[in-house]
Amino acid sequence: MQIGIVGLGRMGANMARRLMRNQHDVVVYDLKKDSVVALEKEGATGAADFADLAKKLSKPRAVWLMVPAGAPTEETIEHLRPFLEGGDAIIDGGNSFYKDDVRRSTALKTKGIHYLDAGTSGGVWGIDRGYCLMIGGDEAAVKRLEPIFETLAPGQGNIPPSPGREKIKSTAEKGYLHCGPSGAGHFVKMIHNGIEYGVMQAYAEGFDIMRGAASESLTEGYRYNFNAADIAELWRRGSVIGSWLLDLTAMALAEDAELAHFTGVVQDSGEGRWTVQAAIEEAVSAEVLTAALFARFRSRQEHTFAEKMLSAMRNKFGGHVEIYPGN
């Protein structure tokens with residue numbers, strides 16, 4: 001298929017590359033012209049502006065946005081919209097708030113333009129591992145763009161369906177899923193990231209407790225000087241708490257057991273807050289996810305080894321750059 005990609009940052013550029021590797025025709029645009037030129041050298045068609053992007057795309061057009069949530073996404077859609085026509089589609093692959101998706105979809109529908117929200121997980125590793133896609137919007141538009149989703153997703157690979165799913169027909173096994181109408185994709189991605197906060201916090205606190213076992217304040221004979229890097233590697237093999245986040249933790253500890261180049265100032269990108277807000281609106285108890293969010297707030301006032309570990313994990317899976325000593 002042919003698709004336009006707007007936003008050539010860490011994920012957008014790699015998504016363009018993954019699509020090109022699989023014979024899709026990709027037209028790219030970014031405010032940074034150097035980013036466009038770099039992708040042109042790899043086989044993409046560059047666009048000078050939104051008008052040029054629309055001109056170089058065949059109808060019905062499809063434009064995938066990989067820009068920061070909030071005002072940047074809003075402005076991008078407003079600048080792009082005049083150059084699109086009925087039947088065209090905008091796919092927002094960022095981390096937009098799901099209520100914004102519903103509003104945008106309703107507004108674009110009056111012009112006959114489809115709006116899909118595609119929660120995208122995979123970080124800087126997605127170019128090779130693939131991207132887990134959680135999609136919301138009109139079912140017919142999702143079906144038309146399925147070759148794009150199938151290429152970006154990891155595919156089933158050698159992972160068999162969960163026991164009991166052998167007769168269930170779903171694209172979930174391939175790593176992408178139409179989750180429901182407008183906003184549904186980003187709602188699922190919001191919860192995904194809220195859970196991510198909790199899992200990361202659990203690892204971080206556990207390793208911090210192990211580190212504290214060497215404290216001189218403890219009674220002699222009950223002190224332990226654990227090798228955190230070895231334990232992380234150990235748990236990767238056969239443990240019930242094994243995960244990709246643990247893989248990345250083991251990688252970070254192997255590179256620097258003290259995580260000395262992280263301050264422990266941990267940012268939150270919004271989805272954790274929205275998850276807690278949704279829990280409040282639904283009157284659903286979410287103690288772990290709320291505590292994990294508040295721990296990130298606290299990290300901006302005082303820093304622990306646990307917070308350094310959170311920073312290291314965020315850096316590994318998403319390339320998130322935290323505040324480093326001396327920077």
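Guide: Let's start with a word we'll need: a residue is buried when its relative accessible area is under 20%, exposed when over 50%, and partly exposed in between, using a 1.4 Å probe and protein chains only. This is a predicted model, where local features need pLDDT of at least 70, side-chain atom pairs count only at pLDDT 80 or more, and totals for chains, interfaces and linings use all residues. Residues are numbered from 1 along each chain as its sequence is written, and side-chain values use heavy atoms, with hydrogens and water left out.

Visitor: Okay, so why is Lys316 called buried?

Guide: Its relative accessibility is 14%, and the cut-off is under 20%, so Lys316 counts as buried. Lys316 sits in helix H14; helices here are DSSP runs of H or I with at least four residues, strands are runs of E with at least two, and both are numbered from the N terminus.

Visitor: What does Lys316 touch?

Guide: Skipping residues up to four places away in sequence, Lys316 touches Val124, Trp125, Leu248, Met251, Ala252 and Glu255. Contact means heavy atoms within 4.5 Å.

Visitor: How do you know that H14 is largely enclosed by the rest of the structure?

Guide: Count the buried ones: 12 of the 14 residues of H14 are buried, so the rest of the structure largely encloses it. Among them are Phe305, Met309 and Phe317. Their cover includes helices H1 (10-21), H9 (184-212), H11 (244-255) and H13 (287-298).

Visitor: What makes the length of H14 agree with its number of residues?

Guide: The expected span is 1.5 Å times one less than the number of residues. For the 14 residues of H14 (305-318) that gives 20 Å, and the end C-alpha atoms are 20 Å apart, so the two agree.

Visitor: Why are H10 and H11 called roughly antiparallel?

Guide: The axes of H10 (residues 228-235) and H11 cross at roughly 155 degrees and come within 9 Å. That angle makes H10 roughly antiparallel to H11, because angles over 145 degrees count as roughly antiparallel, under 35 as roughly parallel, 65 to 115 as roughly perpendicular and the rest as oblique. Axes are lines fitted to C-alpha atoms, for helices over the stretch in contact, with angles from 0 to 180 degrees between N-to-C directions.

Visitor: Last one: is Asp92 buried or exposed?

Guide: Asp92, in strand S5 (residues 89-92), has a relative accessible area of 0%, so it is buried.
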